[in-house]
Amino acid sequence: MENAKVINLKDIKFENGFWKEMQELVRNEVIPYQSKALDDGIDGAEPSRCKENFRKAAKALRLRKSGVKTPVYPTDKWHYTEEAGAFKGWVFQDSDLYKWIEAASYSLINHRDLKLEKAVDGAIELICSAAEDDGYIDTLYTINNPAARFENLRDFHELYCFGHLAEAACAHYSATGKKTLLSAAARFADLICKEFGEGGIQGYGGHPIAEEGLLKLYGKTGKRDYLDTARLFINRRGTRPYYFDLERGETTPKGEIKYTYNQAHLPVREQKEAAGHAVRAVYLYTAMAHLARIDDDSELLNTCKALFDDITDKKMYITGGIGSTKEGEAFTYAYDLPNGTAYAETCASVGMIFFARRMAQADFDSKYFNTAEKCLYNCVLAGMAEDGKSFFYTNPLEIDPKTLAADERKSHIKAVRQKWFDCACCPPNIARLISDLGEYCFMENDDTIFINLYENCKAKFDNAEIEINGDYTGSGKISVKIKPAEPVKIAFRIPDWSDNYIFSVKNPFVKKGYAYFEINEEQTIEADFSPRIKIMRCNPKVRENIGKVAVTRGPFVYCLEEKDNLSNLHMLRLAEHPKFSFDGENIFANGYREYFSSTALYSEYRPVKEKLVHLKFIPYYKWANRGENEMAVYIRYR
């Protein structure tokens, strides 16, 4: 099995470019805004209650340690709003603060900021104040009923919150060298290893991520127990008798499948189709791919390959969105990709990028970062407004605001981004990914440096220094300057949208979508990926898009908005010969608008009457930044 390591974020510096601007937006606007939101300080926004819960948990611990008996509240729901002294919000509310710390930590690596560092230290102090003596941290149970912990692993997210805590702790230690949060996460991990190890509770979390958290802690500390417990969680999943049955005193009849929502319906090596809650799925698959690489487990890696291909070949929107239905926020079946009711949760696309990176480290194929790029430039970025102060949870491919209030099937769709959510998993997920994006640009093994994503940057490796400059998202031209300390290979990912790529060094060796160059002395290699405007169609099994096309250029998917093209976008048609033009950001084309003067619901067919119009397409990630209006990715053609 091939094996590559991720480059340390401290060794990569973004310079002026597309993602540098996004990182600065996250640093200057998103991280401060989200900190305020977690403390319920955004006027008109859904309250988070996140920091409030940590304060309540710390108070409850202090009272119990002083001999005061604290009230017992229910721990039997997903969401709590009632009793004043109790936990408030969703069962996974703690994780929002952990993801904020992770995003802020990566940002501190990119840009030293003493004010932000102090704010992070304060958040860590708050978290540690809510830690039980044995290392357990979960404010729901610490506030409401400590005796009930680990009784409902399927639903109530203790292990999920731990996973995000572990990831935040690893990021913060990498950024600052401070061990406070790492030590707290390790103490909780030690407790988990004790409780769930061989001879302990034979369960696993209903929402995977503890597995990846443990694997990251193992990578940071070298403690074998963390690797072993992550492996146990993965190998136990879906085995019979179902653990989630045992929790409830139930028995699933032989042959009946349950717990698909949690990816616990089958043992993981028997799961060949992506199923269930999309975020949970890709978080699990990320850990599976990570473990497969560490253990050199080809069977597990082959399972991951099958799952990855099932998603990208049959269940992914052209924007990189996954999870097509609001029912369970889940995958459905092959080619079921409705536009107007798409769930396509932002978190799911973020998780798909995590999965793609772990797969690329174990199987050097460009398809993984082709997919990551699709998700990144489209669905993920669409989840955040241009000012960094409002967000989408779901990401449809068409919308008519007039229909939303009247159609319950679209109750999850918003016409404009929201200031915050009481279930706010997506905003900090975007922030942590963008802040950490430098680690995704490169991979390295013993003799090769792989360039996965192209951004203007400088990077230092053990055997070379690399500087990338250019205009990848515009002209598609880049220049890569390599200063080797010893002979090294450089592998350039060839984007799948590039049909006529040119390298200044002729005849590179190409394998699995990477172009390999032998570098023996200082050298600059130029690449021209020649992005062009493309008319893209779906497989005809995607029923909603028969006779329709989408417009793309380079990594970007484009859409129509009412602001530029008037209402009733479904009445538009792209001309057979559109005469495309490009102004550096937007695409213009000839098209037609159908006009129909009758108000009759039905009438005998007559040839369609149309008038010529000039269409404007904007990048999908920019939609809904000019107020509420119609939007459509797909347009009729011919």
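**View 1. Helices α7 and α8 pack against each other.** In this predicted model, α7 (residues 180-196) and α8 (residues 210-221) pack at an angle of about 120 degrees, with axes 11 Å apart. That makes α7 oblique to α8 (under 35 degrees is roughly parallel, over 145 roughly antiparallel, 65 to 115 roughly perpendicular, the rest oblique). Leu182, Ala185 and Ala189 in α7 meet Leu214, Leu217 and Lys220 in α8 (contact means heavy atoms within 4.5 Å). These contact residues divide into 5 nonpolar, no polar and 1 charged.

Residues are numbered from 1 along each chain. Local features need pLDDT of at least 70, side-chain atom pairs count only at pLDDT 80 or more, totals for chains, interfaces and linings use all residues, and side-chain values use heavy atoms, without hydrogens and water.

**View 2. Lys178 forms a salt bridge with Glu117.** Their closest N and O atoms are 2.9 Å apart (a salt bridge is a side-chain nitrogen of Lys or Arg within 4 Å of a carboxyl oxygen of Asp or Glu). Lys178 lies in the loop between α6 (158-176) and α7, and Glu117 in helix α4 (residues 114-129), so the pair ties together parts 61 residues apart in sequence. Glu117 is buried, at 11% relative accessible area, while Lys178 is partly exposed, at 28% (buried is under 20%, exposed over 50%, partly exposed in between, with a 1.4 Å probe and protein chains only).

**View 3. Lys223 forms a salt bridge with Asp190.** The closest N and O atoms are 2.8 Å apart. Lys223 is partly exposed at 33% relative accessibility. Asp190 is partly exposed at 31%.

Definitions and conventions:
Axes fitted to C-alpha atoms, helices over the stretch in contact; angles between N-to-C directions. Helix = DSSP H or I, 4+ residues; strand = E, 2+ residues; numbered from the N terminus. Nonpolar A, V, L, I, M, F, W, Y, C, P; charged D, E, K, R; others polar.
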